[in-house]
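Could you walk me through this protein model, from its overall build down to some individual side chains? I would like to follow along with the structure open beside me.

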Amino acid sequence: MEPLRTDEMGAHLVSRSVRLSAPPVSASLATMRRPRALWTAPDEPTVVGGGVAVAVEADGPERLARVRESATSLFDGADVDAPDVARPRFFGGLAFHEEATGRDPWADFPAARFVVPEVQVAFDGDDAWLTVTAVGADADPEAVGDRLDEVRETLESLDDAPPEGPPGVSNRHRTTSVEAWHESVDAAVSRIRAGDLQKVVLAQALEVELDRPAAAPDLLARLGRTYPDCHRFLVEPNGGASFLGATPERLVSLRGREVETGALAGTTGRGDTDDEDEWLANELLGSEKDNHEHELVAETIREQLAPLSAEIRVGDRGIRKLATVQHLWTPIDATLERDEHVLSLVDALHPTPAVGGLPPEAALDVIRDTEPFDRGWYAAPVGWFDADGDGSFAVALRSAIVEETLATLFAGVGLVADSDPDAEWDEVQLKYRPILDELERDD
């Protein structure tokens with residue numbers, strides 16, 4: 001369905017839920033009507049959704065304020081009968097830059113789009129809850145209840161099956177050559193040394209042709225086995241291309257007035273042995289370059305939260321280990337001064353210096369002028385929010401946009417005064433691995 005305009009958001013919302021005999025997550029996602037959504041994060045219920053009860057789109061500098069206004073209007077007076085875990089939510093995200101370009105592969109992805117799925121399944125431990133939502137002047141509780149029974153019967157009949165293996169990669173195309181990368185990094189470092197910038201994040205895109213179409217539910221299931229502690233997401237704004245990933249970086253989560261976020265910046269590889277792995281971790285912890293980059297990110301997050309917070313708590317810096325890389329990580333929590341909507345926090349924090357740079361506007365200008373591709377929703381916020389304004393968002397890293405037999409992968413690195421083009425190139429290749437490993441066949 002077409003997105004509703006702000007002046008149409010008085011439309012009536014009806015939502016009903018029922019407990020399920022927990023169906024398999026991947027099979028549930030595969031059976032959903034497009035466009036589909038998936039969200040799974042540490043210490044949160046896994047949620048899958050399908051179809052569109054209502055969608056909200058916006059662009060420009062006020063896009064998140066407009067989304068919030070429309071969603072608040074929709075939820076006011078809503079007829080919802082659901083426990084907290086099964087409550088209807090908006091799922092979606094936004095483009096890295098304020099305006100969407102419409103360039104491939106992002107033609108179906110507007111500057112901001114959030115959807116309340118028609119069908120939602122929330123998995124919380126051994127429990128599962130099915131929620132069906134309808135929106136419009138004719139939304140009727142009895143019709144929603146009938147649809148609930150129909151979907152419940154389908155979901156409870158699903159069989160669990162292992163995900164299919166990787167589709168295989170037949171060809172690759174880099175949008176940035178080694179020579180162009182060296183020129184871009186050298187130019188950025190020169191600006192940093194001249195004092196125009198403190199840091200800038202430059203990214204690359206890798207287009208890969210697949211031997212057969214990639215099934216998003218299977219790809220996400222395989223990513224879940226390798227990266228169980230990451231935020232996995234799937235967004236399909238208009239049911240065509242799928243944007244998905246397994247990102248280690250939470251942007252922000254909000255429940256009541258309690259905020260969780262953190263700084264993730266500074267990267268090295270994993271060792272072949274425990275001793276080598278520990279050596280690499282210690283090297284990262286002692287790296288002047290990586291700690292400088294990390295502190296820029298952590299300090300900026302503190303500054304961005306300060307106007308909204310009664311208290312900010314910063315944890316000890318440590319190492320976040322993933323399958324192919326390890327990062328410097330500092331947890332940051334806050335208690336807000338007053339009630340806020342999670343989208344207000346998203347607006348305050350995006351883009352963090354971990355994906356943009358400092359000063360922000362100067363870094364964004366360098367990114368626009370330098371990168372020979374459209375970031376689209378890469379490195380931008382993806383997540384969900386509910387009627388209370390609570391929600392959870394991640395930074396869309398370790399991600400790809402997939403359609404049929406074409407996938408475009410994205411990865412970036414933070415540049416500071418002593419960045420080396422060859423070392424930064426190698427880091428980008430490491431960051432492609434989470435998605436690429438699940439596309440390539442071993443043979």
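Predicted model: local features only at pLDDT ≥ 70, side-chain atom pairs only at ≥ 80, totals over all residues.

The protein chain has 10 helices and 23 strands. Its C-alpha atoms fill a box of roughly 65 × 55 × 40 Å along the principal axes. Buried residues account for 59% of the chain. Of the contacts between residues at least 6 apart in sequence, 77% join residues at least 24 apart.

Among the buried ones are Asp218 and Arg222, along with Leu219, Leu220 and Leu223. What lies over them? The cover for the buried residues of H5 includes helices H1 (25-31) and H10 (421-437), as well as strands E2 (36-40), E12 (231-235) and E13 (242-247).

Next, follow the backbone into some loops. Most residues other than glycine have a negative phi, and most peptide bonds are trans. In the loop between H1 and E2 you will find Pro35, and the peptide bond from Arg34 to Pro35 is cis. Another cis bond runs from Asp104 to Pro105, with Pro105 in the loop between strands E6 (90-94) and E7 (112-116).

Two non-glycine residues with positive phi are also worth a visit. Arg398, in the loop between strands E21 (391-395) and E22 (399-403), has a phi of about 45 degrees. Glu404 has a phi of about 55 degrees and lies in the loop between E22 and strand E23 (406-415). Are these residues buried or exposed? Arg398 counts as buried because its relative accessibility is 7%, whereas Glu404, at 54%, counts as exposed.

Finally, turn to the salt bridges. Side chains of opposite charge can pair when their charged atoms come close. The structure holds 37 salt bridges. One of them joins Asp79 and Arg16, at 3.1 Å from N to O. This pair links distant parts of the chain, with Asp79 in strand E5 and Arg16 in strand E1, 63 residues apart. Asp79 is partly exposed at 24% relative accessible area, while Arg16 is buried at 17%.

Within helix H3 (residues 141-156), Glu156 and Arg152 sit four residues apart, about one turn of the helix. An α-helix has 3.6 residues a turn, so residues three or four places apart point the same way. The side chains of Glu156 and Arg152 meet in a salt bridge at 3.7 Å.

Arg317 and Glu295 form another salt bridge, with their closest N and O atoms 2.4 Å apart. Here a loop residue, Arg317 between strands E16 (309-314) and E17 (318-321), is linked to Glu295 in helix H7, 22 residues apart. Arg317 is partly exposed, at 32%, and Glu295 is partly exposed as well, at 31%. Elsewhere, salt bridges that share partners join Lys199, Lys289, Asp290, Glu293 and Glu424 into one network.

How values were computed:
Residues numbered from 1 in each chain as written. Heavy atoms only, no water. Buried < 20%, exposed > 50% of the residue type's maximum accessible area, 1.4 Å probe, protein only. Contact = heavy atoms within 4.5 Å. Salt bridge = Lys/Arg side-chain N within 4 Å of Asp/Glu carboxyl O.
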